[in-house]
Amino acid sequence: MLKYVKRVDLMKKTKSILSIFIAIVLSFICLFSSFDNTVILAQSGVLEAHFLDVGQGDCAIISMPDGKTMIVDAGDNKNSVKDKILDYIDTNFPKLEYFDFAIVTHTDADHCGGMTTVLQEYPAKTVYRPNVIATRSGFIDPVIAISQDDAVLDDNLKLWTETGAGVNDNQKDTLAYKNFIAQAYEPFLIDGENHTPQVIVSDGRIKHRPKNKSSQDIIGEDYSIIFYSPLSYTYSDPNDYSNIFILEYQGFEFFFSGDAEAQAEQEFAEEYSDYDFDIDVFKLGHHGSRTSSSQELIELVTKQSKRDKIRCVISCGEGNSYKHPHQEALDRFISLGFLEENLLRTDQLGDIVFEVKADSRGNYSLYCNGQKISDDDFWQKLFLDIQEFFVSFYNETPQGVYLSIAIIIIFIIIATALIIKSRQNKNTKK
Ligand SMILES: [Zn+2]
């Protein structure tokens, strides 16, 4: 009997020593395997997509991993909205002098209204404008002169037409749109040098792109912005001129569609039905209107298996007269597997900020308002959190490596003391 107890004791002792040994080995693997990755972190770029709360309207500011910046629409022509955007840039992008890209998706005032003021303060090197002429009396849209000038080689700067159709079919005569168009072409100074903005007439034809038109897509070293729409040269609904585009970085995809409605969405769905989209952030079309974000579109651009993780953004004003977002649109998303808590509204949450960035191991994740959107399970997460803790010590404190090792040693001493104490207790009982 005594022999048996002794053998059990020996086994327990061996187990304890083995556990401590494994703990030490794991801790050191965990600690040192992270050191290599800290180098990756230092080199990685961060993508930021800011959806600003501009009341009823749209405004997004994107900061690319290579430092380039883009503004997509700029809300309405109200002082409160313009002040909001300028203050936001001042606070969040204090070094910004100009945008690399500005997009006005379509001619509605809640998209182009604030852009004139924004471009006066922060001009854009390249501006994407709708395929619509500003026809305010006494104003000549510069695109008309370009269209008639055969010497202009870049066809992206011209209005586009279809055989037999006149360019004058597409017109808008509001002051807001005219002011934006006039401002878009204004030269400005970069480092003391005069720069004339390149104003591109938006055209999303990828498959049937005319030979004389180069791609309008923005291709960075490790990110891309691909324009899929507009696909028609003219639309009966002004909203349908909106650019549909996807921003991609490190496998994370953001879907933008301005105020595109049924016709534009249907064209998109038919044209790209064979494409493999996998959207992570879906901005609802037309402020969450029931007439946008059709089931066909949602099913094409999102994967069913991960819809419970996809974040949706609805840019709308509190108590707006259109009653955006419409309940039918929200219900459509929920019935397709999206979670209600992931339908994020600017009227309820204010500004919504996404980031794609690498953790200490060099793995990229999507963050929403500072919260990591994670696939990891509980134990995986706990292990990664512990690893992150040691790595942040290593990175952020001058003696980080010694502190990390000291913490591991303290941990081992405590564990050993606890085991010895429990053994002593057992011996006393005997
Ligand atoms: Zn709108």
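1. Helix 6 (residues 175-184) is largely enclosed by the rest of the structure, because seven of its ten residues are buried (20 or more other C-beta atoms within 10 Å of the residue's own, C-beta atoms being placed from the backbone). The buried residues are Ala176, Tyr177, Lys178, Asn179, Phe180, Ile181 and Ala184. Helices (H or I, at least four residues) and strands (E, at least two) are DSSP runs numbered from the N terminus.

2. The cover over these buried residues of helix 6 includes helix 3 (109-112), helix 4 (115-121), strand 5 (124-129), strand 6 (133-134), strand 7 (171-172) and strand 10.

3. This is a predicted model, in which local features need pLDDT of at least 70 and side-chain atom pairs count only at pLDDT 80 or more, while totals for chains, interfaces and linings use all residues. Residue numbers start from 1 along each chain as its sequence is written.

4. Nine strands form an open sheet with mixed pairing, in the order 10-5-4-3-2-1-18-19-20 (two strands pair if DSSP finds at least two bridges between them). Strand 10 (198-201) and strand 20 (371-373) each have a single partner strand, so one side of each lacks a neighbour in the sheet.

5. Within this sheet, strand 1 (residues 47-51) and strand 18 (residues 352-358) run antiparallel and are joined by five bridges. Leu47 stands opposite Val356 in strand 18.

6. The protein chain has an average pLDDT (the predictor's confidence in each residue, from 0 to 100) of 87, and 82% of the residues score at least 70. Over residues 32-43 the pLDDT is below 50. Where pLDDT is low, the predicted coordinates should not be read in detail.

Terms used:
Contact = placed C-beta atoms within 7 Å. Buried ≥ 20, exposed ≤ 12 C-beta atoms within 10 Å, placed from the backbone.
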